[in-house]
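Hi everyone, thanks for coming. I'd like to walk you through one structure today, so please have a look at it first.

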Amino acid sequence: PEAFLSVRDLKVRFSTEDGIVKAVDGLSFDVERGKTLGIVGESGSGKSVTNLTVLGLHNPKSTTVEGEIVLDGQELVTATEREMEKIRGNKAAMIFQDPLTALSPYYTVGRQIAEPYMKHTGASKKEARQRTIEMLAKVGIPQPQTRVDDYPHQFSGGMRQRAMIAMALVCDPDLLIADEPTTALDVTVQAQILDLLKDLQQEFGSAIVFITHDLGVISDMADDLLVMYSGRAVERGTVREVLRNPQHPYTWGLLSSMPRLGGDTEQALTPIPGSPPSLLNPPSGCPFHPRCAFTGEVTGSRCSEERPALGEGRASACHLTAEQKQTIFIDKIQPR
Ligand code: SF4
Ligand code: MG
């Protein structure tokens, strides 16, 4: 099936006082309609920047974007701001971790949901209000007829998150980008919101890009998974493949630093030693080499000199042989 969103060799650079930050450095991925792509990685891995760039929300003055972003046949890297405005909120929408980045304190929740609906569909005020109340009901806001006239500060944190989801979904976007949408919420509300997203995807057939550092959430939500490190994808596959049989030393690290699903969350976690790479002066060769415990298994100085490529389909960008990856994973990583 044809990808609904196709990103090819994306490079995003910011100029700063200290130099050029390579936030995204040659990233490719596809998302199909009705499917969810999970993107995981530590903060600074480029996952949020990638998705802000897809929606044209980067600062055009300080940012250079190269490569291709094709959404439903339309090239977005070269699109004008006017074309992007038509796409945002209508064909593609974003849910953020903090609803206050999307909701203004000065307008009622209802008005903020109704306005993009009127703008993109040409609906009347009355129709838009009706639609807004329906959307609030759909995301589980009790008594939406009365709450529609509340201001964001009159809503609880969980309700604001739901209102932002209603705002993102009001025009039935074909692509929904969710950036850590439930991180700030307690576990119960988090589970409700994730269920809601799954229901809405079933109803509307949207493609979802789900960004998180939480592999537990990803295993529940995503079909495919992309692991990012230093502005690049280091591993790709279906969620099952990547979580059951991870092939990249960075993914091994992520998995062993994650609490076991449904297990004791207070068990000691093993964080990945070392710190995330500088994006101003990224390490040579494999960007993970300063933190990798397995460079010794690779001949010579290859890890610090040669950048490993990510192949097509199920793949990991690492110089270890397929056999080494298998043996190391089964012998050293898997028994936890
Ligand atoms: Fe580790 Fe070398 Fe593989 Fe990079 S290429 S992840 S440094 S073994
Ligand atoms: Mg639509």
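**Starting from one alanine**

Let's begin with Ala-168. If we skip the neighbours within four places in sequence, Ala-168 is in contact with Ala-93, Met-94, Ile-95, Pro-173 and Leu-176. By contact I mean that the C-beta atoms of two residues, placed from the backbone, lie within 7 Å.

Before I go on, a word on what we're looking at. This is a predicted model, where local features need pLDDT of at least 70, side-chain atom pairs count only at pLDDT 80 or more, and totals for chains, interfaces and linings use all residues. Residues are numbered from 1 along each chain as its sequence is written, while chains are lettered from A and ligands numbered from 1 in the order in which they are written.

**The core**

So where does Ala-168 sit? Together with Ala-166 and Val-227, Ala-168 has the most contacts inside the largest nonpolar core, which has 82 residues. A nonpolar core here is a set of buried Ala, Val, Leu, Ile, Met, Phe, Trp, Tyr and Cys residues joined through C-beta atoms within 7 Å. Buried is a matter of counting: 20 or more other C-beta atoms within 10 Å of a residue's own makes it buried, 12 or fewer makes it exposed, and in between it is partly exposed, with C-beta atoms placed from the backbone.

Which helix gives the most to this core? That's helix 6, residues 157–169, with eight residues. Domain 1 (101–170) and domain 2 (250–333) both contribute residues, so the core lies between them. Those domain bounds come from an automatic or database domain assignment. The centres of the two domains, taken over C-alpha atoms, are 43 Å apart.

When I say helix or strand, I mean DSSP runs, numbered from the N terminus: H or I with at least four residues for helices, E with at least two for strands. The chain has 12 helices and 11 strands.

**Two enclosed elements**

Now look at strand 10, residues 232–238. Six of its seven residues are buried, so strand 10 is largely enclosed by the rest of the structure. Strand 9 (residues 224–229) runs antiparallel to strand 10, and six bridges join them. We call strands paired if DSSP finds at least two bridges between them. Met-228 stands opposite Ala-233 in strand 10. The two strands make a hairpin with two residues between them, and Ser-230 in the turn has a positive phi of about 55°.

Strand 10 has another antiparallel link, with two bridges to strand 11, residues 315–316. There, Arg-236 has Ala-315 in strand 11 as its bridge partner.

Helix 10 (residues 249–256) tells a related story: six of its eight residues are buried, so helix 10 is largely enclosed as well. Which ones are they? Pro-249, Tyr-250, Thr-251, Trp-252, Gly-253 and Leu-254 are the buried residues of helix 10. They pack against several elements, including strand 3 (36–40), helix 8 (215–221), helix 9 (239–244) and helix 12 (322–333). Strand 9 and strand 10 are also on that list.

Strand 1 (residues 5–16) and strand 4 (residues 63–71) are joined by eight bridges, and Ser-6 has Val-70 in strand 4 as its bridge partner.

Strand 1 also holds Asp-9. Asp-9 isn't glycine, yet its phi is positive, near 45°. Is Asp-9 buried or exposed? Asp-9 is exposed, with 12 other C-beta atoms within 10 Å.

Asp-172 also has a positive phi, near 50°, and is found in the loop between helix 6 and strand 7 (175–179). With 16 C-beta neighbours inside 10 Å, Asp-172 counts as partly exposed.

**The whole chain**

Last, let's zoom out. A compact globule with 336 residues would have a radius of gyration near 20 Å, and the 21 Å of this chain agrees. That radius is taken over C-alpha atoms, and the globule rule is 2.2 Å times the number of residues to the power 0.38. The C-alpha atoms fill a box of roughly 70 × 45 × 40 Å along the principal axes. Of the 336 residues, 39% count as buried.
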